[in-house]
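Me: I would like to learn how to read a few features from a structure, one at a time. Please give the general idea, then the case at hand.

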Amino acid sequence: MSVYSGDFLGFQLGDIHSSQLNITRVSIGDRYTENLTPNFSDATAQIPGGDGTYYWNTFYTQKPFTIDFAFDDLRDEDIRRLKQIFGFKGVKELIFDEISYKKYYVKCSAPPTLKYISFPFEEIKIYKGEGSVNLVAYYPYALSTREIIFGSNTEQDLINIGDIEAPTRIYYSLSDVIGNSLELTLTTSE
């Protein structure tokens, strides 16, 4: 197995693509699993002195991701790099190859795991096996990786598809008037 990238095979975590880590995303079984909505919590209270429960609202809390991957040519330095990449604190952007127009801000929710067999090759070891990393997006919506740019002549620049819209930026060029550019940023609120 070589390192593959493309729809359902690759992902990007921060600035690093899975192909740079010598891993390929795989499905467990014969299908990929996707949660259509984030995890949620209901605001309720038991009816005092009666049967039933009052329901007020539902709130989305977080969106979990499990990424299973396989490899057939990892070296000791590759495993060390996986530990560094997946051992980050804070949040990083997660972008799947099949939905490259959406990004989630995630962090590891559990220690990543590797299962492998080691093979001697010349004077080094080569590892073949599989692994899994659990990530969580505490802000449960995807943001668009693209900005809407008004005044553009191409329709592609107007694409802004995320679970919610990204901020809108309008660029004005005043280079003919004052010799430099001025950028105005407008943010949309929901």
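Me: Are Glu98 and Arg25 buried or exposed?

Reply: First, the basis: this is a predicted model, where local features need pLDDT of at least 70, side-chain atom pairs count only at pLDDT 80 or more, and totals for chains, interfaces and linings use all residues. Residues are numbered from 1 along each chain as its sequence is written, and side-chain values use heavy atoms, with hydrogens and water left out. Buried means under 20% relative accessible area, exposed over 50%, and partly exposed in between (1.4 Å probe, protein chains only). Here Glu98 is buried, and Arg25 is buried as well.

Me: What joins the side chains of Glu98 and Arg25?

Reply: A salt bridge is a side-chain nitrogen of Lys or Arg within 4 Å of a carboxyl oxygen of Asp or Glu. Glu98 and Arg25 form one, at 3.0 Å from N to O. Glu98 lies in the loop between β6 and β7 and Arg25 in strand β3 (residues 24-25), so the pair links distant parts of the chain, 73 residues apart. Strands (E, at least two residues) and helices (H or I, at least four) are DSSP runs, numbered from the N terminus.

Me: How many salt bridges does the structure hold?

Reply: There are four. Another of them pairs Asp30 with Arg31 at 3.3 Å, N to O. Asp30 is exposed, with a relative accessible area of 63%, and Arg31 is exposed at 61%. Asp73 and Arg75 also meet in a salt bridge, at 3.1 Å; Asp73 is partly exposed at 33%, as is Arg75 at 24%.

Me: Which residues have the most contacts inside the largest nonpolar core?

Reply: A nonpolar core is a set of buried Ala, Val, Leu, Ile, Met, Phe, Trp, Tyr and Cys residues joined through side-chain atoms within 4.5 Å. The largest has 25 residues, and Leu13, Phe86, Leu94 and Leu135 have the most contacts inside it. The elements that each supply at least two of its residues include β1 (11-13), α1 (76-86) and β9 (124-137). β5 gives the largest share, five residues. Contact means heavy atoms within 4.5 Å; leaving aside neighbours within four places in sequence, the contacts of Leu13 include Phe86, Leu94, Val106 and Leu135.

Me: Which element gives the largest share of the lining of the largest pocket?

Reply: On a 1 Å grid over the protein atoms alone, a pocket is an open set of points where a 1.4 Å probe fits, with protein on both sides within 12 Å along at least five of seven lines; lining residues have an atom within 4 Å of a point. β5 gives the largest share of this lining, six residues.
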